[in-house]
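Please prepare a short briefing on the packing in this model.

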Amino acid sequence: MAEIHDLTAVQQAAAVRRRELSPVEITEHYLDRVARLDRKVGAFITVAADSARAQARAAEREALSATPGEPPPLLGVPVPVKDLEPVAGLRHTSGSAVHADRVADADCDVVAELRAAGAVFTGKTNTPEFGLPCHTENDIAPPARTPWDPTRSAGGSSGGAAAAVAAGFAPVAHASDGGGSIRIPASACGLFGLKPTRGRVTSGPFKPDFIGLSTAGPIARTVADAALILDIVSVNRPGDYYTAPPLPAGETFLGYALRDPGRLRIARYDTAPVPGLRLDPEVTAAYEAATKLLIDLGHDVEDIDPPYGADTVEDFNLVWAAMAAATPVRPEDEHLLRPLTRWLRGRAADSSVGAYMAATARIQGAVRAALPRTLPYDAVLTPTLALPPVPVGHFGTDPEEEFRRMTAFTPFTALANITGQPSVSVPLHWSAEGLPIGTMLTGRPGGEPTLLALSAQLEAARPWAGHRPPVWAE
């Protein structure tokens with residue numbers, strides 16, 4: 001008999017609507033798994049058991065109402081929130097000792113949309129300090145580990161979100177991506193991760209948009225679950241600098257995930273914009289296997305030259321340092337920051353406003369040169385990462401070496417953040433050691449419908465949701 005955590009978010013929501021599953025029963029099931037097993041994977045910074053139970057009881061009352069009407073789409077479904085975003089009344093650390101005891105006064109807009117959709121917030125998932133590294137190791141919680149091999153990192157910065165979903169602690173999770181932070185842990189944990197188009201999801205009201213690198217999005221076991229979450233969080237607010245084109249009237253992202261994509265034209269390249277970098281052979285095998293699958297499904301796949309060079313990566317690195325410096329920290333608390341955070345903030349302080357503006361100008365110039373070369377294609381295929389999941393501690397503590405290793409691990413993901421294109425990591429391959437290795441597909445701006453339909457086709461051809469790590473059965 002299937003356990004509750006064997007069910008997808010779509011299935012759980014449907015079971016609640018049919019009164020076959022109780023929101024309280026679902027929530028207690030997940031809280032029990034977290035209490036028993038999270039020490040193995042480090043998915044959560046804060047478990048919100050009391051407030052989650054209260055939300056579940058309220059959802060149950062609504063589900064059992066004599067005249068329930070049309071229930072919210074996630075009524076009674078647990079959705080943990082990455083601890084970079086505030087949830088009213090819950091601890092909000094941003095992965096930093098600086099904010100170890102901070103409690104949020106209000107929801108951010110994305111969390112408010114999830115709350116209105118009926119989600120139960122079981123806790124705040126693990127994230128590195130301010131979301132800056134591509135691994136989830138901080139000073140306030142154990143490292144987030146991939147459930148496929150707990151000696152290895154879950155990736156980052158949404159490492160806790162991915163670990164939670166992969167370990168069966170939640171059916172789906174809120175995540176965010178400023179340089180690959182959804183797709184990196186999705187690859188490391190054998191999940192589907194989607195970074196939406198720039199402007200699809202508001203960052204308001206507390207976070208500025210800056211140059212639009214970061215966006216919220218879902219990490220899920222299935223394409224349909226990710227599409228459901230995207231339908232809920234796709235909202236704009238007055239004052240947002242960026243907005244994405246809306247779907248046609250009557251359409252939903254979930255609807256696109258349930259239809260055939262047709263025959264697509266797909267470009268591919270696997271040369272990273274990092275000089276001298278070589279991909280792990282298992283990563284190349286995953287890339288080639290995905291190519292063959294796309295061709296077998298009837299798509300046209302063409303090799304192209306890499307559209308970006310090393311200069312763009314360097315400019316992105318300066319902008320990333322500026323993002324680190326943009327987070328306010330009191331002078332008396334600076335010593336609490338991790339070495340990488342202090343190093344990035346120092347790099348930003350040593351750079352001029354002119355250097356930052358020149359870097360952003362060059363980035364836009366690179367985008368203007370690259371996009372015309374990729375827009376003729378429905379999607380672009382690349383590896384997600386250059387390596388399989390790496391050991392916890394792989395990146396070290398010397399900040400310059402840590403940053404160099406981060407760049408070498410994630411040479412492909414930040415490009416979609418620079419352009420604002422939607423991008424997904426698809427879990428099609430497991431290494432000889434049993435480690436998941438994702439492959440990335442990046443679409444045209446506003447092209448989530450095509451990416452979802454294509455990803456669902458790949459999922460149907462090579463079902464991955466039933467491929468589960470050992471902790472799943474515990």
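The largest nonpolar core has 51 residues, and Leu 74, Leu 114, Phe 192, Val 233, Leu 441 and Leu 452 touch the most other members. A nonpolar core here is a set of buried Ala, Val, Leu, Ile, Met, Phe, Trp, Tyr and Cys residues joined through side-chain atoms within 4.5 Å. The model is predicted: local features need pLDDT of at least 70, side-chain atom pairs count only at pLDDT 80 or more, and totals for chains, interfaces and linings use all residues. Residues are numbered from 1 along each chain as its sequence is written, and side-chain values use heavy atoms, with hydrogens and water left out.

**Nonpolar cores**
- Helix α7 (residues 223–233) supplies the largest share of this core, 8 residues; helices (H or I, at least four residues) and strands (E, at least two) are DSSP runs, numbered from the N terminus.
- Leu 114 touches Leu 74, Val 79, Ala 119, Phe 121, His 174, Ile 229, Ile 232 and Val 233, with residues up to four places away in sequence not counted; contact means heavy atoms within 4.5 Å.
- A second, separate core holds 47 residues, including Phe 130, Phe 316, Leu 371 and Phe 395.
- In soluble globular proteins, nonpolar side chains tend to be buried together.

**Helix α5**
- In helix α5 (residues 159–166), 8 of 8 residues are buried, where buried means under 20% relative accessible area, exposed over 50% and partly exposed in between (1.4 Å probe, protein chains only).
- These buried residues pack against α2, α6 (183–189) and the strands β1 (44–47), β3 (123–125), β4 (172–177) and β6 (215–220).

**Helices α2 and α3**
- Helix α2 (residues 23–41) packs on helix α3 (residues 49–63) at an angle of about 160°, and their axes are 8 Å apart.
- That angle makes α2 roughly antiparallel to α3, a term used for angles over 145 degrees.
- On the α2 side the contact is made by Pro 23, Val 24, Thr 27, Glu 28 and Leu 31, while α3 contributes residues including Ala 52, Arg 53, Ala 56 and Glu 60.

**Leu 297**
- Leu 297 sits in the loop between α9 (281–296) and β8 (300–303).
- Leu 297 counts as partly exposed because its relative accessibility is 28%.
- Apart from neighbours within four places in sequence, Leu 297 is in contact with Gln 457, Leu 458 and Ala 461.
- The C-alpha atoms of Leu 297 and Ala 461 are separated by 8.5 Å, although the two are 164 residues apart along the chain.

How values were computed: Axes are lines fitted to C-alpha atoms, for helices over the stretch in contact, and angles run from 0 to 180 degrees between N-to-C directions. Angles under 35 degrees count as roughly parallel, over 145 as roughly antiparallel, 65 to 115 as roughly perpendicular and the rest as oblique.
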